[in-house]
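Hello,

Here is the structure I promised to pass on to you. My notes on it follow below.

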Amino acid sequence: MKNIVLVHGAWADGSGWRGVYDILVKDGFDVSIVQEPETSFQDDVTAVKRILALQDGPSILVAHSYGGAVITEAGTGPSVAGVVYVAAHMPDAGENEADDGKRFPSDLSKSGAIKKTADGFTYLDPAHFHEYFAADLSVEQAAFMARSQVLNAADNFKAVITTPAWREKPSWMIVAGADRTINPDLERFYAKRAHSHTVEVPDASHSVYVSHPKEVADVIESAAHAVSK
């Protein structure tokens, strides 16, 4: 199992995967990063499927945050051998992440830091990005991420899952113990419901994939080895 496909979440882009990418490539994996447009949920699902179709064999499909909902919908095809959720949403059939988030509200959801453009796209106020999204990164790195964030169509958070990949594929969840964007208790709930292999990074922010690339890469590699047996 050499193919790894990485998917970013809302208010981020694929560049955040660089640390994880470098480790996986050094260890011999073929890694692709999806740059989903976040213009609609279906556009994002299609973007993931487009990259999966370019792989030369089965893949481990990995996602952060909102990307978890995307791979839940996009990852049901035979080319996906396993799904890895990194501080990510993991809705079931008939659910959407906006409603799931109400089970265990996050600090971010109770703040006023989520803003919306006139044409219906959400973004995280750059003045609060470090605090809620990337507290374990430097101020400078968080500022770059805030200024390069991909705005997400507000309706994307309400997209309803049809057939969840995690009910058909082996799954892994990385819980970010100090996550303020998605409540860690929601991540734990998702993982328990899905019987996912679960690893918790105790003091990690929502940006755990940026701040703890080694721990995240280790879980992805474990998934690849597990499905290869």
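**The open sheet and what surrounds it**

β5, β6 and β7 form an open sheet of three strands, in the order β5-β6-β7, with antiparallel pairing. Its edge strands are β5 and β7 (152-153), each of which pairs on one side only. Helices (H or I, at least four residues) and strands (E, at least two) are DSSP runs, numbered from the N terminus, and two strands pair if DSSP finds at least two bridges between them. Please keep in mind that this is a predicted model: local features need pLDDT of at least 70, side-chain atom pairs count only at pLDDT 80 or more, and totals for chains, interfaces and linings use all residues. Residues are numbered from 1 along each chain as its sequence is written, and side-chain values use heavy atoms, with hydrogens and water left out.

Within this sheet, three bridges link β5 and strand β6 (residues 121-124) in the antiparallel sense. Ile114 has Leu124 of β6 opposite.

Ile114 also turns up at the largest pocket, where Trp11, Ala98, Ser109, Ile114 and Phe157 lie nearest the centre among 26 lining residues. The volume of this pocket is about 570 Å³. For the method: on a 1 Å grid over the protein atoms alone, a pocket is an open set of points where a 1.4 Å probe fits, with protein on both sides within 12 Å along at least five of seven lines, and lining residues have an atom within 4 Å of a point. Grid points are joined across faces, edges and corners, and the volume is the space filled by probe spheres set on the points. Both α4 (97-101) and β5 (114-116) supply at least two residues each to the lining. Sorted by class, the lining has twelve nonpolar, eight polar and six charged residues; Ala, Val, Leu, Ile, Met, Phe, Trp, Tyr, Cys and Pro count as nonpolar, Asp, Glu, Lys and Arg as charged, and the others, Gly among them, as polar.

Although not a glycine, Trp11 has a positive phi of about 60°. Most residues other than glycine have a negative phi. Trp11 sits in the loop between β1 (3-7) and α1 (18-26) and is buried, with a relative accessible area of 6% (buried means under 20%, exposed over 50%, partly exposed in between, with a 1.4 Å probe and protein chains only). Ser65 also has a positive phi of about 60° without being a glycine, but its place is in strand β3 (residues 59-65).

β1 pairs with strand β2 (residues 30-34) in the parallel sense over five bridges. From β1 the chain crosses through α1 to β2, a right-handed β-α-β crossover (with the strands pointing away from the viewer, the path from the first strand over the helix to the second runs clockwise).

How much of strand β8 (residues 171-176) is buried? Six of its six residues are, with Ser171, Met173 and Val175 on one side and Trp172, Ile174 and Ala176 on the other. β8 runs parallel to strand β4 (residues 80-88), joined by four bridges, and Tyr85 has Met173 as its bridge partner. Five bridges join β8 to strand β9 (residues 197-201), also in parallel. Together β8, helix α7 (residues 184-194) and β9 make a right-handed β-α-β unit.

Best wishes
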